[in-house]
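Please keep the sequence and the three-dimensional view open while reading.

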Amino acid sequence: MNSHYDVIIVGAGSMGMAAGYYLAKEGTKPLLIDAFDPPHSNGSHSGDTRLIRHACGEGYEYVPLAIRAQELWDELQQETTESIFRNTGVVTFGPRNSDFVNQAIAGGKEYSLPIDTLDNGEEINKRWPGINAPDEHFGCYEPEAGVLFSGNCIRTFRKLALQYGAELLTNTPVDDLAVAENDVTVQTKEGTFTADKLIVSAGAWNKKLLSELNLNLALQPSRQTIGWFDAEESLYQSDEFPGFFVDLPTGVYYGFPSIDGTGLKIGRYDAGEEIDPEYMNREFGIFPKDEGDIRKFLETFMPQAAGKLNVGKTCMFTNTPDENFIIDVHPEHANVAIAAGFSGHGYKYSSAVGEILSQLATSSTTNHDISLFSATRPSIQPQASKTVQN
Ligand SMILES: Cc1cc2nc3c(=O)[nH]c(=O)nc-3n(C[C@H](O)[C@H](O)[C@H](O)COP(=O)(O)OP(=O)(O)OC[C@H]3O[C@@H](n4cnc5c(N)ncnc54)[C@H](O)[C@@H]3O)c2cc1C
């Protein structure tokens, strides 16, 4: 093992492992360091699957990033026999005044994506008899969207990055970081390593690590739960049923068809206790609402999928106050790139974020428009977050 590298990546999860792959593929030698053994169930990428939508209800700015991410996922699929993506389609619906649904339809039109608008609940329910939407709901269906096998994606990035010359230290938390003008120093129990450049992509642990680099950002991790429920396979298996995102005034829910008989998977998007990742209770079911909340949604909107709970798991979001990501060069250190605050909707973009981070680490610039993700925007400074919360 060397002691000096071109780039050190602290946190080899969703974003960091992708960055390691793109750097190594381009001939740069990265050292990836992770506190666990990715993919793992302690951070933000556990639970096997993630939705990828292209007509993003989060805003127009996300659509080009989603389109590029999908291209990169398709390229990754060419390099592996592991399943990366399943084209199940994704349906998004809610009441007519849902900003999310309206934005998804507008974003799809703006970028000429294939997208079917669904005028009322009857149309939605007729197309997918497993859904029971009220007639006053409307929505859209993206036939080219679907499900990423996130565990397989991270495993594939890892395997290929190592083949292209990256090195990886697992089960090795980074204890300390120091940045000088021309190099960076990273301390771990396995020793001290130096590099020309640094990427910090430590998920829910970013706030603490970035504060060591004099960057205090409004990052708030929260505890999330997901459940897999016994479902009527003829209605909810992935050949028949799409991924879904449902924006209700009483809560926002997302989920996945039953993949290879595992049951319908569902989570809630807009709730979750604020936590410290060091001390989060990772046991599913400690709160009655862990199961109760998602079961209640299923009983109303997808009743034949409200069977026995097969598995329940916990995971973490790391929210910013405006729910936009932070992807930028450190404001004081041109040799440090940051990926943080992926706020519950980041996984789908991780291939494109890996590409951006690899560009930032090698040239301090990127050909992607990352102005929305600036580390210096007022809304993510700690003072601004207090104002938002009050
Ligand atoms: C239940 C759930 C469902 C989701 N569904 C979707 C979805 O359908 N679609 C979508 O696009 N997104 C979804 N997301 C969001 C997405 O999964 C996250 O935005 C994404 O995984 C965040 O990636 P990350 O790299 O920031 O964090 P992680 O993947 O957690 O990676 C961070 C890594 O840093 C490591 N680390 C931390 N501290 C240190 C340290 N000191 N030293 C070394 N390593 C360290 C950790 O071990 C970890 O491996 C979901 C998230 C959850 C929780």
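## The ligand and its surroundings

A backbone N or O atom of Ser44 lies 2.8 Å from an oxygen atom of the ligand, which falls under the term polar contact (a pair of N or O atoms within 3.5 Å; within protein, one must be able to donate a hydrogen and the other to accept it, and residues adjacent in sequence count only if both atoms are side-chain atoms). The model is a predicted one, in which local features need pLDDT of at least 70 and side-chain atom pairs count only at pLDDT 80 or more, while totals for chains, interfaces and linings use all residues. Residues are numbered from 1 along each chain as its sequence is written, and side-chain values use heavy atoms, with hydrogens and water left out.

In the side chain of His40, an N or O atom is 2.8 Å from an oxygen atom of the ligand, and a backbone N or O atom of Gly346 is found 3.3 Å from an oxygen atom of the ligand. Taken alone, the ligand exposes 1000 Å², of which the protein buries 96%; such accessible areas come from the Shrake-Rupley method with a 1.4 Å probe, and for residues only the protein chains shown count as cover. The ligand is surrounded by 34 residues, the closest being Ser14, Asp34, His40, His45 and Cys315, where a residue is near a molecule or strand if one of its heavy atoms lies within 4 Å of it.

Which elements give two or more residues to the shell around the ligand? They are α1, β3 (49–52), β15 (251–256) and β17 (309–319), where helices (H or I, at least four residues) and strands (E, at least two) are DSSP runs, numbered from the N terminus. The most is given by β17, with three residues. By class, the shell has 18 nonpolar, 13 polar and three charged residues; here Ala, Val, Leu, Ile, Met, Phe, Trp, Tyr, Cys and Pro count as nonpolar, Asp, Glu, Lys and Arg as charged, and the others, Gly among them, as polar.

## The nonpolar cores

In soluble globular proteins, nonpolar side chains tend to be buried together. The largest nonpolar core in this model has 48 residues, and those with the most contacts inside it are Trp73, Phe157, Ile199, Ile327, Tyr349, Val353 and Leu357. A nonpolar core is a set of buried Ala, Val, Leu, Ile, Met, Phe, Trp, Tyr and Cys residues joined through side-chain atoms within 4.5 Å, and buried means under 20% relative accessible area, exposed over 50%, and partly exposed in between (1.4 Å probe, protein chains only).

Leu357 touches Met15, Ala19, Ile199, Ile327, Ala337, Ile338 and Ala339, not counting residues up to four places away in sequence; contact means heavy atoms within 4.5 Å.

Leu32 has its place in strand β2 (residues 30–33) and is buried, with a relative accessible area of 0%. Although Leu32 and Leu162 are 130 residues apart along the chain, their C-alpha atoms are separated by 9.8 Å.

Thr188, in strand β11 (residues 184–188), counts as buried because its relative accessibility is 9%, and its side chain reaches the backbone nitrogen of Glu190 at 3.0 Å. Arg223 lies in strand β13 (residues 220–229) and is also buried, at 3% relative accessibility; a polar contact of 2.9 Å joins its side chain to that of Asp290.

## Backbone details in the loops

A cis peptide bond, with omega about -5°, joins Pro38 and Pro39, and Pro39 is placed in the loop between β2 and β3.

Asp260 is not a glycine, yet it has a positive phi of about 55°; it lies in the loop between β15 and β16 (264–268) and counts as exposed because its relative accessibility is 64%. Ser364 likewise has a positive phi, near 65°, and lies in the loop between α9 and α10 (382–389), where it is partly exposed, with a relative accessible area of 29%.
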